[in-house]
Amino acid sequence: MNDLLAFLFAAVALIGAVSTYFQRDRFNKLIAVGITFGGIVPFIVDRGYLDVAIITSLIIPITTIIILLICRREIHDA
Amino acid sequence: MTPEFILGCIILIVGVIAVGFPRPKTYLSRLISLEIPGFGLLLIMLAYDEMLALVTFIGVTAISTFVLVRAIERKEAAQ
Amino acid sequence: MIALYVVAAIAVFAAIRATVERNTGRKLPYVNVMNFAVAGALVLLLDHPLSLVAAAAYFVGSTLEANAIASTYAGGGRRE
């Protein structure tokens, strides 16, 4: 991975991390966490740890789905 | 100073600020923000080639998220 | 080698577009575009047989995550 490619994927990860802080809705925060994860997986693969990449990309969505159990939409807007 | 290390430090600092001062001051937003320093720490472990620590850290993060979700659910049901 | 740069640029564009979008329902297609672009980049990064499996695992996981968020946002999956 050269410098330009590292810069592009780092930009994806940083956009996700900063926008997790500035989003106010809970679903938007979860989407931003997904964007951050999409930015850091190419760095794991580039180091050669493909088994770690497989395990990580199967466990992180499970964590998101666990968090989704308590963020059902509120009743107040109905 | 590999790019993984620098990016991990930046994400770790941003995540610590996000967890310390969450924007809507609720338990749920703090829990969602807690994922971000985890990613930063993952990148720093990756820069030092600690593979076993990385896998263990990811697994423990998932389990602790489950425990915290149960705790928040119980707390909100009590109110 | 130009394909990798094209895919990475698409990922950055989709991430920016998903961030500046205000409606949550309209964010999700751009997140899906970013996931497809990253899954394509994973295959092109390393010339190893297992990288195909890694890309498939990332594809399955991220699609599951985005669809779970969409399903919960639409009000489905209510247990009571």
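## Chain A

Among contacts in chain A between residues at least 6 apart in sequence, 38% join residues at least 24 apart; a contact here is a pair of residues whose C-beta atoms, placed from the backbone, lie within 7 Å. The model is predicted, so local features need pLDDT of at least 70 and side-chain atom pairs count only at pLDDT 80 or more, while totals for chains, interfaces and linings use all residues. Residues are numbered from 1 along each chain as its sequence is written, and chains are lettered from A and ligands numbered from 1 in the order in which they are written.

Chain A has three helices and zero strands, in the order α-α-α from the N terminus. Helices (H or I, at least four residues) and strands (E, at least two) are DSSP runs, numbered from the N terminus. Chain A has a radius of gyration of 15 Å, well over the 12 Å that the globule rule gives for 78 residues, so chain A is more spread out than a compact globule. The radius is taken over C-alpha atoms, and the rule is 2.2 Å times the number of residues to the power 0.38. The C-alpha trace of chain A spans about 50 × 25 × 15 Å along its principal axes. Of the 78 residues in chain A, 58% are buried (20 or more other C-beta atoms within 10 Å of the residue's own, with C-beta atoms placed from the backbone; 12 or fewer is exposed, and in between is partly exposed).

## Chain C

Chain C also contains three helices and zero strands, running α-α-α from the N terminus on. The principal-axis spans of the chain C C-alpha trace are about 50 × 30 × 10 Å.

Buried residues are 39% of the 80 in chain C. Of the contacts in chain C with a separation of 6 or more, 47% are between residues 24 or more positions apart.

## Contacts between chains

Two pairs of chains touch, and the pair with the most contacts is A and C. Here 33 residues of chain A meet 37 residues of chain C. On the chain A side, α1 (3-22), α2 (26-46) and α3 (50-68) each supply at least two residues, and α2(A) gives the most, with 11. That side of chain A consists of 22 nonpolar, seven polar and four charged residues. Ala, Val, Leu, Ile, Met, Phe, Trp, Tyr, Cys and Pro count as nonpolar, Asp, Glu, Lys and Arg as charged, and the others, Gly among them, as polar.

Chains B and C do not touch, and their nearest C-alpha atoms are 13 Å apart.

## Helix packing

Axes are lines fitted to C-alpha atoms, for helices over the stretch in contact, and angles run from 0 to 180 degrees between N-to-C directions.

Within chain B, α3 (residues 35-47) and α4 (residues 51-78) pack at about 170°, with axes 10 Å apart, which makes α3(B) roughly antiparallel to α4(B). Among the residues in contact are G38(B) and L42(B) of α3(B), and F57(B) and T61(B) of α4(B). This contact divides into seven nonpolar, two polar and no charged residues.

Notes. Angles under 35 degrees count as roughly parallel, over 145 as roughly antiparallel, 65 to 115 as roughly perpendicular and the rest as oblique.
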